[in-house]
Amino acid sequence: MKISYNWLKQFIKIDWKSEETAALLTDLGLEVEMVYNYQSVKGGLEGIVVGEVLTCVQHPDADRLKVTTVDLGDGIPLQIVCGATNVAVGQKVPVATIGTTLYDKDGNAFQIKKGKIRGQESHGMICAEDELGLGESHDGIMVLDNSFKTGSTAASVFKIENDEIFEIGLTPNRADAMSHFGVARDLRAGLLQSGVNVELITPSVSNFRVDKRILKIDVDVKAPLLAPRYCGVTISGITIKPSPAWLQNRLKAIGINPKNNLVDVTNYVLHELGQPLHAFDAAKINGKISVKTVATGTKFTTLDDIERSLHEEDLMICDENGPLCIAGVFGGKNSGVSDTTTSVFLESAYFNAVSIRKSAKRHQLNTDASFRFERGIDPTITEYALKRAALLIQEVSGGEITSDIIDIYPKKIEDFPVVLNFNNVKKIIGQELPKETIKNILVSLEIKVNSVSDAGLGLTIPAYRVDVQREIDVIEEILRVYGYNNIKFSEKLNATVSNAPRTEDYKVQNIIATQLNSQGFNEMMANSLTTSSYVLLSEMLKEEHNVLILNPLSNDLAAMRQSLLFSGLEAISYNINRRNSDLKFFEFGKTYHKLDSGYEEHKHLTMLVTGNRNQESWTNAQKPSDFFLFKGYVNGVLSRLGIQKTQNLPITSDVFSEGMAIGFGNDILVEYGVVKKSVLKHFDIKQEVLFADFNWALLLKLLSNKIKFTEIPKYPEVRRDLSLLLDDNVSFDSIYNIARQSEKSLLKDISLFDVYQGKNLPEGKKSYAVSFTIQDNTKTLTDVQIDKIMIKLQKNLETELGASLR
């Protein structure tokens, strides 16, 4: 945002150097990124003086050139060769002296040098107005008024304006500072805190009056929620022409090209007060004005001559024939001001910020008006800005006010009440500020102090401060005006040693992250915002449970995620499309749900595996990651956390084509399996993807701060193997559970080390080779004890599962 220092000084009388003012503005949170000079004429006419033509004769060797002598007021006439046909004796003319730098129409510099033209010396140049940057004409030299004193500088004659421009990096929350008046208001607060007592000067509108009531245009606001306040007035008898120099210079200084006196006034007031305005050609308005929405698909041609298709949520300014303007965003081609306009309807309004932002985003329009409306303007100055603009239009365009001001404001936008606690101010700032200083700062920011007590203040925040609605916001305001650099630091260093338990969330996360990293996993962090349509990929997720964003950047970021799966699949698809197809990801993140009881957040750990398990090498044949490998990763997480006594359960999520769940009691710890092809197809993934979703909150709940350990046994363990012939439908879990029930104290481990199905086995049968590790912690086992245990195991397996030894 560009701020003119000269313009700023119209609101606040200050003689500070621009560097000092820039430093104070930066301290106040309005960071000045750059300060540069501006001149209404490039070069500032430096080296240009007023001369008087003493003689003018024909060049002896050129029909189109003349040799003149010019008095520059120093008593030493200069000979200058001139090619203009209108040069004559007795004229006052602008002369560029030797060494002067001029600029051509493209801004390229050239220097005036002593030279000879067709044999005649020339000690300067008599200039045309386009050569000086004072106009477009090049028909001849510029002839000045004879009242100008010979030898005076052209800069003083033409009143060249020199200005300094602040380039401010305005943060989105500072909607109140999107104008020269807003910056001046902030600057005044900073000056008062610095001990400089200044007043804030506002332009007077006391001369506003209705001249004739001959052109009334009725207004009907049919969408009061989208247009809480709407003002308008008609002005007749105006003349469209170029703006006066002072107005053009103000706009040029901040990078705006002047158009005509009417449009320039609306731009001027916008940058002066922060209130966008729009002028309609009154002759092009049929009937009354309606502020409303229109049907989706309605065609509308904007000022840039582009036909746009409107949306049913776009707020439009319409007449009886249809739309005239996209409210707060862009005007229409068929209602705009032209060179033949003689009467206008001038609009000043306060529009709903979210509505304007959506319309601007929808139509890919970013205007000065939408920039301000979508961040929130001051609803209290709507009528004041209208009067200010009307008076300026009369000043530069003539005309008369021909209607009363229409001000439709059914429900006043109220200021915000906030209670400020002095103890909280001290706690947040880290230093106790005098109560009187706090009050003075708040008053300088136009925050009203309603009540004062020993504990705090009762405040009313102006409606235009949309970013100050909580106590912490008020404390931030106090701190930025008091000055961050003025907060003292203690020379004493205090340090505390935290006594966080082993089961603290971040500690457990680090443990698991380290383990997964060592297994080749990469941690990912996906956006919590996603598209609301992902819930349609799973019947377990409900569209009504979506937490929707009120003001989304796009449809792809319109809802908070209900599952971490889909953002993970986005990452996998992105990598596969870039020829990186062997992937292992994990993510710690939250899901968000809207329920009848309110909103809920749930933390998860998810794992995603796809592609080959190892990198291609001459020593290792490529082998794809499969369900059993992935199951090992899942069990490894539970094992690392010391969670036991779990049970395998049927899968409940419908995003898996096959999978398992692991439970503890009545709760599900983790669900894992192969993601359905129908889900993968949505992300254009053609290879198998394995996914696990841990209930992280439940995992943390099951952890214990107590460290349990057992001593290393002194006595040897014994391993015995059984090769069992079983039915196809028998799982290893069944063998495991029966073995555990058969011998609970001495049986330490059970593992499956071979599975065979096929040739030489009866149909419907398979072979499991199972090892059993037996150990007594108090003594060495005898063969009799071992045989007894194995016979019992064999008998129970035969009875329960129909197993037989091979």
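Which residue forms a salt bridge with Lys765? The partner is Asp727, and the closest N and O atoms of the two are 2.6 Å apart. The views below start from this pair. This is a predicted model, in which local features need pLDDT of at least 70, side-chain atom pairs count only at pLDDT 80 or more, and totals for chains, interfaces and linings use all residues. Residues are numbered from 1 along each chain as its sequence is written, and side-chain values use heavy atoms, with hydrogens and water left out.

**View 1. Asp727 and Lys765 join in a salt bridge.** The term salt bridge stands for a side-chain nitrogen of Lys or Arg within 4 Å of a carboxyl oxygen of Asp or Glu. Asp727 belongs to strand β38 and Lys765 to strand β40, 38 residues apart. Strands (E, at least two residues) and helices (H or I, at least four) are DSSP runs, numbered from the N terminus. Asp727 is partly exposed at 31% relative accessible area, and Lys765 is partly exposed at 24%. Here buried means under 20% relative accessible area, exposed over 50%, and partly exposed in between (1.4 Å probe, protein chains only).

**View 2. Four strands make an open, antiparallel sheet.** Follow the strands in the order β39-β40-β38-β41. At the edges lie β39 (747-756) and β41 (804-805), each pairing on one side only. Two strands pair if DSSP finds at least two bridges between them; β39 and β40 (residues 765-774) share eight. Look for Asp754, which stands opposite Ala769 in β40.

**View 3. Helix α19 lies across β38, β39 and β40.** This helix spans residues 732-742 and runs at about 155 degrees to β39. Axes are lines fitted to C-alpha atoms, for helices over the stretch in contact (heavy atoms within 4.5 Å), and angles run from 0 to 180 degrees between N-to-C directions.

**View 4. Glu167 and Lys2 meet in a salt bridge of 3.6 Å, N to O.** Glu167 lies in strand β12 (residues 162-168) and Lys2 in strand β1 (residues 2-4), so their contact ties together parts that are 165 residues apart in sequence. Glu167 is buried, at 17% relative accessibility, while Lys2 is partly exposed, at 31%.

**View 5. Arg174 and Asp186 meet in a salt bridge of 2.9 Å, N to O.** Arg174 sits in the loop between β12 and α5 (180-193), and Asp186 in helix α5. Arg174 is buried at 4% relative accessibility, and Asp186 is buried at 3%. Both residues belong to a network of salt bridges, whose members include Arg465 and Glu477.
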